[in-house]
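This report takes one residue as its starting point. It then turns to the chain as a whole.

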Amino acid sequence: MEEKAEQHRVPVLIVGGSLVGLSASLFLGRLGVGHMLVEKHPGTSIHPRGRGNNLRTMEVFRSAGVTERIVAAASVLADNHGILQTPELADADAGEWLVRQIDEKGGAPGRLSPAAWCVCSQNDLEPVLLEAAVELGGDVRFSTELVSFEQDDDGVTAVVRDRVTGRDSTVRADYLIAADGPRSPVRERLGIGQSGPGDLFHNVSVSFRSRALADVVGDRRFVVCYLTGPEAEGALLPVDNKELWVFHAPWQYDRGESLEDFTDERCADLIRAATGAPGLDVEITGKAPWHAAERVAEHYGRGRVFLAGDSAHEMSPTGAFGSNTGIQDAHNLAWKLAAVLDGSAGPDLLRTYEEERLPVAVATSARASARSVEHSHPGYTPAPAAVAGGPRGGLLPVVLGYRYPRGAVLGADPELPPVPDRMDLSGAPGTRAPHMWLHRPGERYKLSTLDLYEKSFVLLAGTGGKDWLTAAQLVADRLSVGLDAYRIGEGVEADLVAEDGADWAQTHGTTPEGAVLVRPDGFVAWRAVNAVPDAESALYEALVAVLRRG
């Protein structure tokens, strides 16, 4: 008798268990959303890549409660900062720092964010995310691949296969998140095309051991060093600052060069030539090919299936924008799925995922390619038009300043670019809510305004904003939504006190009589600059519009 296929029922099925898929699992778990994650590989990544976690990514990981674990996992490279470019690493006086400190263009990081840039390689970060996701009840299954899926008006039916036993199971989910990489079978199955220049350059990532290289590097603690000597070029990345390293060798893939051409002997010679250390001890421990590209999906999903991470966008690795943008995709999508699944939002809220994230990906991918030009990334020879017309601007406007001119926001200017040339710290609708250090009356323990946002909407008002707090309670009851409210100021009327006498209203672009409504992902949804005659009606109408309840 034929054995009946196992069947599962979950609210969300995640396909892909790398950084983005695991982040989606973590964020959904924090919001109490049941889900299953399937990943075809047997475990988390074994390759030390994707190491740059920017301020915004560390902010969302802070809200998810995993910052301390990530910092501990990254402790080996805690003192590494900046990007060095040199024609000869063996010459300590040669070359220049393209970026001396990751946050150098943004001023003191504590002024802009409660988080800090973290250098944590993918192979160290993924186990942290996995552990936290499983603790929250995530059903994570490695060595399990998606075989097929079909969707209807009520959900998605998928067939997944255990690659160890060969047994198929059926999964019925309300929604599917595809975090299945740049060659995404899900995206292809949906028939979603891509735009952009396409392939930019190709590298082979060579892991190696060398005890003498630490003496050549000296006390230069870089995140990456671009080696531009005439004998050989490449990019050098430390793994432990002692004897484990990674070298990115340019790969002439378009000219027929094969991966087999990168023998251990050739790789060792390339490393010695690029570092300017001909007698260097080099033991090759691994090789992995990768292709840098600039492509963005024309849509971020269809029906009940959504794309996130590399399945939605490919970016040049310079600046580490790709993985960070993908993690932030997952963060944007998670709260919207949770709101729709628990009935506090209408299904149309999910349409705003594409409205918000796709323009950000288009702008960010262009910035990533431009940084490859500026940093002379090994192997990248851009077209003259790309050099002349590439977007300009510092790192922080891309990292913290991206905004949503359209989507689940009210009062944003739809004509504004999603990534500005300068940081927008105004607290305007569609922007990331500003960071301020706060403490509770009678306590000295500091928290950030950003620590208030994750599991519900939040309304901020001044100490004179009693009407706003009353309105928040009434609206939360009427709509059956999570809505926390706080008054920031001094005295017995304050729920929270701003550190160093900072003015919360000025920071958020409003008056002491106004209020600011912040989404669970920390973006400003709506703002009342002044007092209004009927706070309850104003707040009710705003939330109904943002949540697509109309």
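Is S143 buried or exposed? The model is predicted. S143 has a relative accessible area of 13%. Buried means under 20%, so S143 is buried.

Where does S143 sit? In the loop between β7 and β8. Strand β7 covers 139–142, and β8 covers 144–151.

Which residues does S143 touch, leaving out those up to four places away in sequence? The list includes E39, K40, H41 and P42. R161, D162, R163 and V164 are also on it.

Now the whole chain. It has 15 helices and 25 strands. A compact globule with 550 residues would have a radius of gyration near 24 Å, and the chain agrees because its value is 24 Å. The C-alpha trace spans about 75 × 70 × 45 Å along its principal axes.

Whole-chain percentages are set out here.

| Item | Value |
|---|---|
| Buried residues, of the 550 in the chain | 56% |
| Contacts joining residues at least 24 apart, among those between residues at least 6 apart in sequence | 70% |
| Accessible surface belonging to carbon and sulfur atoms | 48% |

The accessible surface itself comes to about 22700 Å². S143, as a buried residue, belongs to the 56% of the chain that is buried.

The chain carries 53 positive and 76 negative side chains. How far apart do the centres of the two sets lie? They lie 2 Å apart.

How values were computed:
Residues are numbered from 1 along each chain as its sequence is written. This is a predicted model: local features need pLDDT of at least 70, side-chain atom pairs count only at pLDDT 80 or more; totals for chains, interfaces and linings use all residues. Side-chain values use heavy atoms; hydrogens and water are left out. Helices (H or I, at least four residues) and strands (E, at least two) are DSSP runs, numbered from the N terminus. Buried means under 20% relative accessible area, exposed over 50%, partly exposed in between (1.4 Å probe, protein chains only). Contact means heavy atoms within 4.5 Å. The radius of gyration is taken over C-alpha atoms; the globule rule is 2.2 Å times the number of residues to the power 0.38. Accessible areas come from the Shrake-Rupley method with a 1.4 Å probe; for residues, only the protein chains shown count as cover. Lys and Arg count as positive and Asp and Glu as negative; His and the chain ends are not counted. The place of a charge is taken as NZ of Lys, CZ of Arg, CG of Asp or CD of Glu.
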